[in-house]
Amino acid sequence: MSDRFHDNAPEIVRAVVVDPDIDVHVRGGGDNPPPRRYEESRLEEAVGLAMALDLEIAGTMSVRVRKLNPATLFGEGKVLEIKALCEESEASLCVVNGALTPIQQRNLEKKLEVKVVDRTGLILEIFGRRARTGEGKLQVELARLEYERSRLVRTWTHLERQRATGATGGPGETQIELDRRMIADKIKQLKSELEEVRRTRGLHRSQRKKVPYPIVALVGYTNAGKSTLFNNLTKSEVFAKDLLFATLDTTLRSLKLPNGRSAILSDTVGFISDLPHELVAAFRATLEEVEQADLILHVRDVSNPETEAQKKDVEQVMAHILPDLDRSRMVEVWNKIDLLDDETKDILYARAITDRASNKPLMVSAITGEGVAALLNQVALLVDAEGEELDITLEPHQGDVIAFLYQHGRVLGRHEDEEGRVHLRVKLSDQAYGRYEKMIGA
């Protein structure tokens with residue numbers, strides 16, 4: 001018997017995180033450039049992404065880029081500084097918090113003598129690890145292939161080889177052309193499978209419409225506390241952690257509203273600044289649930305100094321994916337007020353009260369439960385904003401109809417007469433009213 005022991009623990013990868021602070025005019029900001037995020041916040045978010053992959057952060061660096069270098073992004077002197085940091089910290093991976101072209105990534109790996117991954121590759125890796133459902137895995141695989149298709153540069157000699165394709169053995173096609181064609185075929189297959197998923201989701205959605213539960217969707221920046229709020233509202237145990245992209249797959253649960261009516265609550269993937277366009281396209285199917293929602297709760301982390309910038313990031317991606325979305329159905333939920341001091345909290349309460357939006361922001365703490373009851377009351381009011389108020393009289397034996405009205409409508413008043421008949425003042429949506437008519441007719 002061998003007395004050797006095998007360590008099956010995954011190898012710890014030491015990484016340095018480099019944030020390119022690119023001058024706004026270099027990025028093509030125009031006359032009205034968007035405000036740059038704080039240097040500290042950008043680095044902190046990049047470190048959070050790296051830690052989400054269980055990387056050991058050996059060092060960080062913010063590099064000012066006044067002029068883009070098409071070969072390496074950074075200037076020669078800055079590349080040497082990054083290399084020195086990698087050597088000093090004994091890192092085997094360099095994470096660049098920005099988009100690199102295939103050439104820039106290849107050249108940086110040669111000069112730094114370590115593996116280099118950019119922001120898009122990092123997020124794709126996180127998504128690949130976290131996807132649990134079949135749909136989520138399909139979306140991640142599609143996004144990865146879209147990303148890798150652009151990475152097929154002539155980096156290795158095997159991409160230069162030619163393969164004979166005809167019976168006579170002509171010049172054939174190079175390996176890189178073959179790889180591109182194989183990836184294109186796989187992308188086509190994945191898009192077809194996702195289209196089938198989208199069709200199935202549409203069928204499920206049409207079935208839910210027959211049982212007219214209103215749908216309430218949670219959206220927001222990653223790590224804004226959506227899943228924690230989801231668990232608080234639905235008394236569920238969906239995975240929620242202080243981690244970027246802790247939730248990827250859309251989750252649906254029943255939500256009991258204060259007026260006795262039920263709704264469906266949907267938790268979606270979080271947004272992030274500079275979201276790679278490959279992911280924007282791939283996750284369009286997931287966010288269709290948002291488009292069909294009766295009410296959208298935009299959850300914001302108001303304890304984060306970048307909360308306004310995060311809000312703009314979410315709105316920008318939403319406008320890109322769902323350009324026809326009715327914004328009047330959206331309500332802001334200012335979360336994590338338990339992390340604020342009393343003075344800041346009072347200021348935010350005053351801002352929420354005086355906000356000019358038709359649906360004023362609601363302040364909550366998903367952890368402590370503060371403000372959650374008021375949020376539920378407001379949700380109940382808003383999902384019943386449309387519909388008609390009816391006076392309905394039912395016989396004592398029509399208990400199933402009474403239960404239906406309580407479940408699918410909003411009962412505004414009730415009294416019983418001497419004969420035991422039940423008189424209800426009810427608000428019903430068009431769908432619920434149609435089902436009520438069928439029940440009475442039956």
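Buried means under 20% relative accessible area, exposed means over 50%, and partly exposed is what falls in between. Keep that in mind for Glu141, which counts as partly exposed because its relative accessibility is 24%. What you have here is a predicted model of a protein chain with 442 residues, 48% of which count as buried. Its secondary structure comes to 14 helices and 15 strands.

**Confidence and overall picture**

- The protein chain averages a pLDDT of 80, and 77% of the residues score at least 70.
- Over residues 29-34, though, the pLDDT is below 50, and this stretch has five contacts in the model beyond near neighbours in sequence.
- Residues 154-170 also stay under 50 in pLDDT, and the model gives them 30 contacts beyond four places in sequence.
- Looking at contacts in the protein chain with a separation of 6 or more, 67% come from residues 24 or more positions apart.

- Three strands make up an open sheet in the order 13-15-14, and the pairing is antiparallel.
- Strand 13 (388-394) and strand 14 (410-416) are the edge strands, each pairing on one side only.
- From one strand to the next, the twist averages 15°.
- Strand 14 and strand 15 (residues 422-428) run antiparallel and are joined by six bridges.
- Helix 13 (residues 399-408) lies across strand 13, strand 14 and strand 15, and it runs at about 35° to strand 15.

- Lys345 sits in helix 11 (residues 342-354).
- Is Lys345 buried or exposed? Lys345 counts as buried, because its relative accessible area is 15% and the cut-off for buried is under 20%.
- Leaving aside residues up to four places away in sequence, Lys345 touches Ile337, Leu340, Met363 and Glu370.
- Glu141 has its place in helix 5 (residues 134-149).
- The side chains of Glu141 and Arg144 are joined by a polar contact of 2.6 Å.
- Glu141 and Ala131 are 10 residues apart in sequence, and their C-alpha atoms are 10.0 Å apart in space.

**Cysteines**

- How many disulfides does the structure hold? The count is zero.
- Cys86 is in no disulfide, and the nearest cysteine sulfur, that of Cys94, is 4.8 Å away.
- Cys86 is buried, with a relative accessible area of 2%.
- Cys94 is buried too, at 1% relative accessible area.

Terms used: Residues are numbered from 1 along each chain as its sequence is written. Side-chain values use heavy atoms; hydrogens and water are left out. Two strands pair if DSSP finds at least two bridges between them. Helices (H or I, at least four residues) and strands (E, at least two) are DSSP runs, numbered from the N terminus. Axes are lines fitted to C-alpha atoms, for helices over the stretch in contact, and angles run from 0 to 180 degrees between N-to-C directions. Contact means heavy atoms within 4.5 Å. Buried means under 20% relative accessible area, exposed over 50%, partly exposed in between (1.4 Å probe, protein chains only). A polar contact is a pair of N or O atoms within 3.5 Å; within protein, one must be able to donate a hydrogen and the other to accept it, and residues adjacent in sequence count only if both atoms are side-chain atoms. A disulfide is a pair of cysteine sulfur atoms within 2.5 Å. pLDDT is the predictor's confidence in each residue, from 0 to 100.
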